[in-house]
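Have the sequence and the 3D view open as you read.

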Amino acid sequence: MHILVSNDDGYRAPGIQALACAMRRFGRVTVVAPDHNHSGASNSLTLNRPLTVEHMPGENLYVVSGTPSDCVHVALTGLLDEMPDLVVAGINCGANMGDDTMYSGTVAAAIEGYLFKVPSIAFSQIDKGWAELESAARIAETVVERYLEERDTTDPVLLNVNMPNLPYDVVKGIRSTRLGRRMSAEPVIEEMSPRGFPIYWLGAAGKPADAAEGTDFWATAHGYVSVTPLQIDLTAHREVERTGRWLAGDLSPKRD
């Protein structure tokens, strides 16, 4: 088995090193990761400049001057000699739950693998700071092990895994969940630059608005690992017919 590992915290991050080490149990591991932190990059691709790829001597590690999506895209469209059997991303320093998944570079790396029909899993710790990282790596190993043992379809999966920063033997178990929802983000923070013009910091993420049992927020708050199956189809299928009705007719503008 060949596993591709990426992240959004950069190739030096402790999380990706722990994840790559855990994945070696299952086979050959190739790490293709950004040269610096790209948290919040979402699914962005670099289209306005060429990318550089540096192969670290003596390691199966490639460092890319781009986003997490760039890393997986480059790996799957030319850098690797063969398609990997699995893409894993993380372990991220901080949660990627609810609405966060729309912005997450970690989840985006997994999505990029999924778009190429490769099973893909994103891993994140709930709290920042890398506490209990060894436990998180063991949980990632457990999730991958169970997926490989129990998968009953040839269709690729896209999983978003969030892990509480707890010792392995304290974690209550693993729950299959849905995404929760957050309230709107906090207001921006305005400051004055040293040169006398205003600058703005984005405000903190909103507090959970939907953290009911069954959500990723509920599971992690109660000591469980949350595993949320994701899909890419953004179509509001129930609205297609209704939208078609008010769009019906020719393109001539109506006049009074």
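Let's start with burial: of the 256 residues in the protein, 45% are buried, meaning under 20% relative accessible area with a 1.4 Å probe and protein chains only, while exposed is over 50% and partly exposed sits in between. Before going on, note that this is a predicted model, where local features need pLDDT of at least 70, side-chain atom pairs count only at pLDDT 80 or more, and totals for chains, interfaces and linings use all residues. Residues are numbered from 1 along each chain as its sequence is written, and side-chain values use heavy atoms, with hydrogens and water left out.

As for confidence, the mean pLDDT (the predictor's confidence in each residue, from 0 to 100) is 92, and 98% of the residues reach 70 or more.

The C-alpha trace spans about 75 × 45 × 45 Å along its principal axes. If you look at contacts (heavy atoms within 4.5 Å) between residues at least 6 apart in sequence, 76% of them join residues at least 24 apart.

| Helix | Residues | Buried residues include |
|---|---|---|
| α2 | 68-79 | Pro68, Cys71, Val72, Leu76 |
| α4 | 133-150 | Leu133, Ile139, Val143, Tyr147 |

Helix α4 has 18 residues and reaches 26 Å from its first C-alpha to its last, close to the 26 Å expected at 1.5 Å a residue (the expected span is 1.5 Å times one less than the number of residues). Its buried residues pack against α1 (14-23), β5 (86-93), β6, β7 (158-163), β8 (173-176) and β13 (224-229). Over at α2, the cover on the buried residues includes β1, β2 (28-34), β4 (61-64) and α3 (105-115).

One last stop: Ala13, in the loop between β1 (2-6) and α1. Is Ala13 buried or exposed? Ala13 is buried, with a relative accessible area of 8%. Leaving out residues up to four places away in sequence, Ala13 touches Asn7 and Trp130. Ala13 and Asn92 are 79 residues apart in sequence, yet 8.8 Å apart in space, C-alpha to C-alpha.

How values were computed:
Helices (H or I, at least four residues) and strands (E, at least two) are DSSP runs, numbered from the N terminus.
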